[in-house]
Amino acid sequence: MIARAYTVAFEGVEARHVEVQCAVTPGVPAFSLVGLPDKAVSEARDRVRTALTSMAIALPSKWITVNLSPADMPKEGSHFDLPIALALLAALEIIPKDAIEGTTSLGELSLDGTIMPVIGALPAAMAAAEEDRTLLCPKASGAEAAWVGAAHVIGAATLADVVRHFTGQSPLTPAEPGEVIAPAFARDLRDVKGQERAKRALEIAAAGRHHLMLIGTPGSGKSMLAARLPEILPPLDPREALETSMIHSLAGLLTEGGISRSRPFREPHHTASMAAIVGGGRRASPGEISLAHNGVLFMDEFPEFSRTVLETLRQPIESGEVMIARANAHVTYPCRFMLIAAANPCKCGYLSEPARACSRAPVCGDDYMGRISGPLMDRFDLRVEVPPVSFADLDLPASGDSSAEVAARVAGAQALQANRYADMPGTRLNSDAEGGILSDVATPDAEGRDLLTRMSERFGLSARGYHRVLRVARTIADLDGSDTVRRPHVAEAASYRITSAKET
């Protein structure tokens with residue numbers, strides 16, 4: 001008789017079903033594991049054998065064969081330990097076969113039978129719900145997986161607990177969804193002295209998820225501004241939280257007993273590789289742009305990043321997803337993020353400061369900012385110069401609105417956009433609007449259209465730049481509570497396309 005258990009193998013954020021078949025037949029004593037396993041899966045034989053021995057369960061002197069079906073799909077990771085153990089226990093008639101056939105399981109076994117947490121519990125719960133199966137996972141992963149309301153999730157601490165559950169001696173209680181609560185307004189916008197124009201640009205970027213470029217001398221507050229952006233963004237709604245957490249689950253970042261409703265804020269170092277930023281590696285893991293999905297990707301010292309890395313960002317910024325091609329698979333990850341880039345005006349950083357003028361101006365600035373290509377620069381909706389703050393300004397009392405006040409305005413603007421695009425799949429915020437949708441919602445009045453036409457002729461806006469001005473103007477109108485886009489909204493939006501930086 002063949003016993004069957006079920007688990008999953010991961011391809012991007014998708015979990016593909018795997019059937020674990022176990023047969024115990026007469027023959028030379030051996031434990032054979034087939035089905036294209038990698039090294040971690042092959043080593044499961046020793047972990048399972050030792051875990052069963054710790055429970056005083058001896059394997060029979062027979063030929064044990066475990067097949068992972070479909071056999072032509074690569075199997076990676078240590079989460080196959082638990083389903084292999086379940087299939088073997090069912091084949092030995094220690095637990096009922098029909099009980100485990102209605103269960104999808106994953107978990108790594110310690111030598112003493114403890115079930116260790118693994119990555120991917122959230123996508124596994126989605127897959128189990130689709131097949132109407134119960135998900136059995138490590139107890140530490142239960143709070144994360146239970147967020148899938150359609151799935152029945154149980155978490156177990158040890159293999160002995162699993163045996164007692166399936167034999168009816170001590171049934172396990174269902175896991176409850178857990179949520180990690182982040183401290184509110186830990187970093188306030190009022191901590192940044194001056195920089196009112198940059199704060200305004202930050203508010204606009206947050207309201208419509210627009211990409212923002214900050215250019216200024218060292219110490220002018222670019223990083224401080226970016227670090228306070230998460231505080232003015234509204235929390236993730238349940239759908240966004242599930243999307244984002246599925247990626248973080250695959251990356252092993254959900255380690256605090258649940259998922260967070262705070263928007264992700266990723267800030268990779270400028271020495272990060274292509275695989276680290278875009279995704280890739282042996283397992284085609286998600287990169288920083290996918291880990292920032294529905295959140296913020298802050299790239300400080302933007303021109304210092306590899307030119308190859310920067311140019312690779314162009315397509316994900318437009319499409320909101322990235323495909324990682326491998327010989328045996330093409331893995332697609334979502335990456336709809338807000339890009340905040342910070343840069344000095346030149347290599348030494350003081351090109352625009354009269355008191356510390358750059359000795360190689362203007363060549364130094366042209367060479368440094370020239371590392372950012374025109375097409376990539378054209379994808380920034382907002383470009384803001386951040387001037388240095390004088391010592392006298394640092395002694396002044398805090399000014400401007402607090403993060404809580406700005407967050408309230410941003411939430412109001414996003415609520416307007418949610419109502420506007422409720423019946424438009426794929427469009428959530430103004431930055432997503434394109435084609436006929438953009439024309440319907442962001443066409444300015446006569447005065448605004450005339451201003452935009454003259455600006456396009458004067459500064460040679462590309463078609464992409466023209467549409468991005470319209471999107472920003474629509475967001476400014478939303479912050480203003482206006483149903484129509486008027487000339488002042490267009491004027492402010494257009495001002496963020498005109499800087500002393502490299503124009504396109």
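This is a predicted model: local features need pLDDT of at least 70, side-chain atom pairs count only at pLDDT 80 or more; totals for chains, interfaces and linings use all residues.
Me: What makes E14, E130, E131 and D132 a patch of negative charge?

Reply: Asp and Glu count as negative, and like charges are joined within 9 Å when their residues have over 30% relative accessible area and no salt bridge. E14, E130, E131 and D132 gather in such a patch on the surface. For D132, the value of 71% is set against the cut-off of over 30%.

Me: How do you know that β11 and β20 pair?

Reply: Pairing requires at least two bridges. Five bridges join β11 (residues 212-216) to β20, and therefore the two strands pair. They run parallel, and I215 has E385 of β20 as its bridge partner.

Me: Why are β13 and β20 called edge strands?

Reply: The open sheet has five strands in the order β13-β16-β19-β11-β20, with parallel pairing. The strands β13 (265-266) and β20 (382-386) each pair on one side only.

Me: What makes β17 and β18 a pair, and in which sense do they run?

Reply: β17 and β18 (residues 330-334) are joined over five bridges in the antiparallel sense. The requirement is at least two, so the strands count as a pair. Within this pairing, V322 stands opposite Y333 in β18.

Me: Which residues form the covered and uncovered faces of β17?

Reply: In β17 (residues 321-325), V322 and I324 make up the covered face, whereas E321, M323 and A325 make up the uncovered one.

Conventions:
Residues are numbered from 1 along each chain as its sequence is written. Side-chain values use heavy atoms; hydrogens and water are left out. Patches are made of residues with over 30% relative accessible area and no salt bridge: like charges are joined within 9 Å, nonpolar side chains (Val, Leu, Ile, Met, Phe, Trp, Tyr) within 5 Å. Accessible areas come from the Shrake-Rupley method with a 1.4 Å probe; for residues, only the protein chains shown count as cover. A salt bridge is a side-chain nitrogen of Lys or Arg within 4 Å of a carboxyl oxygen of Asp or Glu. The place of a charge is taken as NZ of Lys, CZ of Arg, CG of Asp or CD of Glu. Buried means under 20% relative accessible area, exposed over 50%, partly exposed in between (1.4 Å probe, protein chains only). Helices (H or I, at least four residues) and strands (E, at least two) are DSSP runs, numbered from the N terminus.
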